[in-house]
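Subject: Structure handover

Hello,

I am passing this structure on to you, with notes on what was found in it. Please look at the sequence and the model before reading on.

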Amino acid sequence: MLDFSSLPMGATLLAPAHLHPLIRQKLLQTTHGLLGLRLYTLNGYLSAQSLEDAPSEASILFAYRERIKQLSSSLHIYQEAALTSVFLKECMQCLDDLKIWQIPLSVLSEQEEAHAERKTILTALYPIETQGDLIVKAIREIAHKDAHMIYIYDAFFTPQQQQLVNLLVRQGATLLQDEEIPHERKFYHAVNKRQEIEGCAQYILRHEMKAEDVAITLADTSYIPLLEQIFTRYHIPYTNLVASAASSIIVKRAHMLLNYYLQPTQEHLLACLDCGIFHEETLSSLLQYLQIYQKDFFQPFDHLQTLSTTSHILNETDVAKLKEIEERAEIARQHIAEQLRPLMHPASYEEMLLTVLKLLKNSLGNDMQQSAVLQDVMNVINEVYPYIKEKDDITFLLQLLADITVHSTIHQLQGVSVTSLKQGSCTRKHHFLLGATQNQYPAFMAKRGIFDEHYYETLPYPSMEHRYQLHLKQLRKLLNRSQHLYISYPLGTYEGKSLEAALEIEQMFDERAKPYPLQEMYEKADIALTITSQTAHALFVRNQQIKGSISSIERYVKCPFSYFLRYGLGIREPMKLGFADSYMGTLSHYLLETLTKQQGKAYTSVCETTLTALIDKEIDALQEVFSDMRTRLQILRIRIESSMMQTLRRLASFEEHSHFQPWQQEREFQYEIPVTSDVTLALHGFIDRLDVYDDILCILDYKSSAKTLSETKVFAAMQLQLLTYSIVMAKLEQKEIMGAYYLSLKNENIPHLAGKLSRRKPVTYTPIEQADLQDAIIKTHRIHGWTMYPNVSLLDDEGTHVSGVRCNKDQLIKASKLYDLHSIERWFTSIYQQLAKRMLDGDIVIEPSEDACLYCDFHAICRFHGMPFERKAMVETDDSLYRKGEDEDA
């Protein structure tokens, strides 16, 4: 960077804002430091020359809007667009250009209707004072002043800025220029922008460059997060001088409050509650409650406290949680409603805006950066308040508030300086230009929008070619300041789209770009999550037992880490808010359980009135809890009644051909398996339904959709339930087990043709009989499972209702496979013991099986994004799996 030590006392230095920290640092190293020196930006110097304060952009746009309203009746093409902030900002930019370049309105084109309408708009808006007027006044003042004490750092100038620089130089100002240094230039490419930044970082380290001697210019500012990440990893100090503006939470809160005032809907209310405006202790419960219920926020929340009916569908624990949520929500509601009430029916716009500002101030805390943003919001509101006369003006205010941002501040200067292409860089020994693709370099911005280049061609304004050449000249000036220049670009994007180097860059070099020298050292990091056996015992063992349900063991198989979080650490999944879809499956289970208890085998012939009464009782209980879902519950009432009647008609055929009788429902059981000398695995669960015939049991497990029992999944420990039920019931009841089956309650869609057409001559058409449709229904809804008793005709004397069972050529009902329960028990004991020992050894590895992550509430904790792990058989089975002599008809 230039030596500023020779600047005289009382001098004024003009430089871009992003270089001020570097210039101050340089000046502090001189003898007199900053004493007697004034440091400005070009625009800041102009403002200092004017005796008037520049009007804010917000007040200008509101004034524009008022003037446009007066013209709206005469506008045709731009009548709708003319009142938007985007259109008015374009008008303001065009008017500033006209004023600064002293272009009279009389030269504006009227050849086309659109041009004539634009001229009408600009003519109406021209008298309103803007930044351009003050710049013109300041330039006139400067033209009569001596500028010998002004020094200008030769940085990147726009055409307007260059005009001012030329004027100051004519008045005696000094342009501080770095001499063009003969330098070494190198041209590189990389696979993508990540590798380009990696190559740059490695190049700096490989050549032992001092970080303070390196400047990096980014043609693409999207490199910033990657550069910060990679340079931090390589421990290269840097200072990001790229001007970044982030959205402010204060502005977002102002938007939420004003939107709620304009439209007091529950959606806007939730947005207000969820963005940190209020700090009530029970706010989370209020948010949960409002996500479940559509309630008047200014009326008490208390309907759950007076519940009079009980439900077999709703879990008592869930109802208790809902009541607790309601109680806590009411506490928060009372406090927040008092603060929001003035916003609902304010006496004036002033009262409404004061309420918004008060709420914003209360939400602020001690954040000084956000305090500055709040001051900006207050300033905008104060400036535009005289223009606010109706609700549409509040909507326009929202558009302007969105422009208020938080600008990053530099707390410490260190190492490599990072700037963007349009900012320009400071002079350093080594200069890297990254991202020099055709899309990003030279980054000349042509006029766009309503007042585009085509429009400006009709004005005595510098041509696009002139402005383009000036832009290239500024870039060449920036690139020719360092002894060593390194330019690079990526060959493609992450999506695989190819990129090419900018033509202007290629013309600087006699040869093609070379690959960035990049040393890749990637080591796969295998994170094996384990805990000590002592910790595992403390977490999983209670009273010398590992207690759990079969589904919890299957959870361990699907993902040990998920099991560890839920049953080891005791982290509960968040409560499902609102009306869960699973309630309908639970209701179907309850209806079948009740009907089989009351009616026995005759449950399928229950009258519609009895079924309706059962459904109504449960729906009424649900309706009392979810009071604002009356319409949806009525629809569900009709659907569940229709679906259950169809299910009962289907099951009537199954019961007609089965000799078994419903015996027990929701049968509870306990089953222990020894694991070590002092630890057993204690399984606990409920069996949906047990049917009996003499000393033979049949196990049925209700499912909401069709499900099959797979040998692969069974011995990979992913389907343990049905066969464990069989083992347990055989021991507890001392009965033979016919089999264990999934019984789907879903009424499947049946593709059914009206008839069949034979194209053989003569062509014939045979309509499908009703019996054929019934056969298709029965076939589609067969129960699936494993059969273990030879005389399967006791369960299905027709051979059509059980999958894998058929009538053979000798008219005998046979199962294609008969499984041996004793062999299954032996292998299952081994599987359970292996799984329990893995738990005791502390194996909690993150290795989810396929689909294990789809509905896992803990995915946000483990953040696993790899491929699912295939589950293999845990035991080696043999032919003893099948009962011998029973498979001749298979």
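Predicted model: local features only at pLDDT ≥ 70, side-chain atom pairs only at ≥ 80, totals over all residues.

Residues are numbered from 1 along each chain as its sequence is written, and side-chain values use heavy atoms, with hydrogens and water left out.

The sheet

An open sheet is formed by 7 strands in the order S7-S10-S6-S11-S12-S5-S13, with parallel pairing. Strands (E, at least two residues) and helices (H or I, at least four) are DSSP runs, numbered from the N terminus; two strands pair if DSSP finds at least two bridges between them. At the edges are strand S7 (238-240) and strand S13 (514-515), each pairing on one side only. Strand S11 (residues 430-434) and strand S12 (residues 484-490) run parallel and are joined by 4 bridges. His430 has His484 in S12 as its bridge partner.

Salt bridges

The whole structure holds 29 salt bridges, each being a side-chain nitrogen of Lys or Arg within 4 Å of a carboxyl oxygen of Asp or Glu.

One of them joins Lys69 and Glu390 at 3.6 Å, N to O. Lys69 lies in helix H3 (residues 57-71) and Glu390 in the loop between helix H15 (368-384) and helix H16 (391-401), so this pair ties together parts that are 321 residues apart in sequence. Lys69 is partly exposed at 28% relative accessibility, and Glu390 is partly exposed at 37%; buried means under 20% relative accessible area, exposed over 50%, and partly exposed in between (1.4 Å probe, protein chains only).

Arg637 and Asp616 also form a salt bridge, at 2.4 Å, N to O. Arg637 is in helix H25 (residues 630-656) and Asp616 in helix H24 (residues 608-625), so the pair ties together parts that are 21 residues apart in sequence. Arg637 is buried at 11%, whereas Asp616 is partly exposed at 24%.

In the salt bridge of Asp701 with Lys703, the closest N and O atoms are 3.3 Å apart. Asp701 is buried at 4%, and Lys703 is buried at 19%.

Regards
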